[in-house]
Amino acid sequence: MSSAHSAHLGRVLCIITGASRGFGRTVAREVSGLVKPGSVLVLAARSGDDLRSLQAELTESEAGRAGLRVESVVADMAQMEGIEKVVRSSEEAFSEHIDHLILVNNAGAVNFPFLRLVTQMNLSSAAKVSLGLPFLGWSSPSLGDVSRSVKTFTDMAEVDSYLSLNVSSSMCLTARVLQSFPQRPGLRRTIVNVTSLCALQPFRSWVLYCTGKAAREMMFRVLAEEEPDLRVLNYSPGPLDTAMQVEARTRTADDSIRKSFVDMFDQGQLLTCEASCAKLMKLLLEDNYTSGAHIDVYDV
Ligand SMILES: NC(=O)c1ccc[n+]([C@@H]2O[C@H](COP(=O)([O-])OP(=O)(O)OC[C@H]3O[C@@H](n4cnc5c(N)ncnc54)[C@H](OP(=O)(O)O)[C@@H]3O)[C@@H](O)[C@H]2O)c1
């Protein structure tokens, strides 16, 4: 741990899941401006067009022209195959000049059978919008089904599916990345988990999301205990003005919880991804948080 505030993150290999939109996309942009030439960003999500447009944008940016390499990996992180694809691309992109490995576990995943089917159809963004999918939860898959209460979840396969995608996938990706890039002199390793207040506090009708976030955060806390050389950060980005909040406002079953999301939106209390990401970058640059800690955007 260093206490001096660095102006850059080093010559990084930075892997970001869920980089196609929302917070992950912003993290990719912000990291790109804080790295030394020779760095590599590995951007993963299922939406290839959105990833490729970001890849083009960053490659043409000042950082890109100065030698930042950007790889987009179209991968379903819910599948072992998707995890392997990301790991393979990262291994290929790695060079011995890299001095900082950063893994940002940002993506969530859907468990609705209908939306899984649509995912397999690999629709374009325009087609998703024309089908109204953003308002059916398409665009905010990490929430799970918030239209129901705990007592309706009688199907073990459904619950397993959500947890598998939101907890197991993140654990296995992290483990694979740590195996591929073991501790060695001159290599810092930082693992970020994008967490939520829901990891700490119960929200009525958000049982899948709260359970997933709590389990996932504990997993990273255990990792921090086991691997003292790692820097592990559970960053809670606050209420972000992304597709996920649309779902929170429109589909949450519990009236008072739903109203609190509507009020936050109406009163302009949602944060931009840029504002929240700036706090995350500050934490990474200062690098003086306790490894494994849960840090909320409002505490930075
Ligand atoms: N928005 C909030 O208010 C808020 C608050 C606290 C915490 N968070 C957390 O912040 C993170 C980002 O949220 P967000 O609001 O930016 O969500 P979002 O706009 O819904 O974006 C989610 C991202 O995850 C990707 N993703 C979903 N399932 C995937 C899969 N199976 N494989 C690969 N990528 C997948 C999506 O890409 P594809 O669809 O292209 O695959 C997308 O890039 C999440 O972990 C969320 O829980 C959000």
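User: In strand 3, which residue is the bridge partner of Leu41?

Analyst: Some ground rules come first. This is a predicted model: local features need pLDDT of at least 70, side-chain atom pairs count only at pLDDT 80 or more, and totals for chains, interfaces and linings use all residues. Residues are numbered from 1 along each chain as its sequence is written. Strands of a sheet pair through backbone hydrogen bonds, either parallel or antiparallel. Two strands pair here if DSSP finds at least two bridges between them. In strand 3, the partner of Leu41 is Val70. Six bridges join strand 2 (residues 40-45) to strand 3, and the two run parallel.

User: How many helices and strands are in the chain?

Analyst: Helices (H or I, at least four residues) and strands (E, at least two) are DSSP runs, numbered from the N terminus. The chain has 11 helices and seven strands.

User: In what order do the strands form the sheet?

Analyst: The order is 3-2-1-4-5-6-7, in an open sheet of seven strands with parallel pairing. Strand 3 (69-74) and strand 7 (294-296) are the edge strands, each pairing on one side only. From one strand to the next, the twist averages 20°.

User: How many bridges join strand 1 to strand 4?

Analyst: Five bridges join them, and they run parallel. Val12 stands opposite His100 in strand 4. On to the next pair: strand 4 and strand 5 are parallel over six bridges. There, His100 stands opposite Arg188 in strand 5, and Val104 has Val192 as its bridge partner. Strand 5 in turn pairs with strand 6 (residues 231-236) over five bridges, again in the parallel sense. Thr190 stands opposite Arg231 in strand 6.

User: Is strand 4 enclosed or open to the outside?

Analyst: Start with the term. A residue is buried if 20 or more other C-beta atoms lie within 10 Å of its own, exposed if 12 or fewer, and partly exposed in between; C-beta atoms are placed from the backbone. Six of the six residues of strand 4 are buried, so the strand is largely enclosed by the rest of the structure. In a regular strand the side chains alternate between the two faces of the sheet. In strand 4, His100, Ile102 and Val104 are buried on one side, and Leu101, Leu103 and Asn105 on the other. Strand 5 is mostly covered too, with six of its seven residues buried. For the chain, buried residues make up 42% of the 300 residues.

User: Which strands does helix 7 lie across?

Analyst: Helix 7 (residues 156-180) lies across strand 1 (12-17), strand 4 (100-105) and strand 5 (188-194). It runs at about 170° to strand 4. Axes are lines fitted to C-alpha atoms, for helices over the stretch in contact, and angles run from 0 to 180 degrees between N-to-C directions.

User: Which residues does Asn105 touch?

Analyst: Two residues are in contact if their C-beta atoms, placed from the backbone, lie within 7 Å. Not counting residues up to four places away in sequence, Asn105 touches Thr17, Ser170, Leu173, Thr174, Val192, Asn193 and Val194. Asn105 counts as buried because it has 26 C-beta neighbours inside 10 Å. Asn105 and Ser169 are 64 residues apart in sequence, and their C-alpha atoms are 9.7 Å apart.

User: Where is Gly292 placed?

Analyst: Gly292 sits in the loop between helix 11 (273-286) and strand 7. Gly292 is buried, because 23 other C-beta atoms lie within 10 Å. Its contacts, leaving out residues up to four places away in sequence, are Phe220, Arg221, Ala224, Glu225 and Val232.

User: Which residues of helix 9 are buried?

Analyst: They are Ala243, Met244, Glu247 and Ala248. Seen down the axis of helix 9, these fall within an arc of 150°, so they line one face of the helix. The arc is that of the directions from the helix axis to the C-beta atoms. The buried residues pack against helix 1 and helix 10 (255-266).

User: How many residues surround the ligand?

Analyst: The count is 30, and the closest are Gly18, Gly22, Arg46, Ser47 and Thr242. A residue is near a molecule if its C-beta atom, placed from the backbone, lies within 6 Å of it. Helix 1 (22-32) and helix 9 (243-251) are the elements that give two or more residues to this shell.
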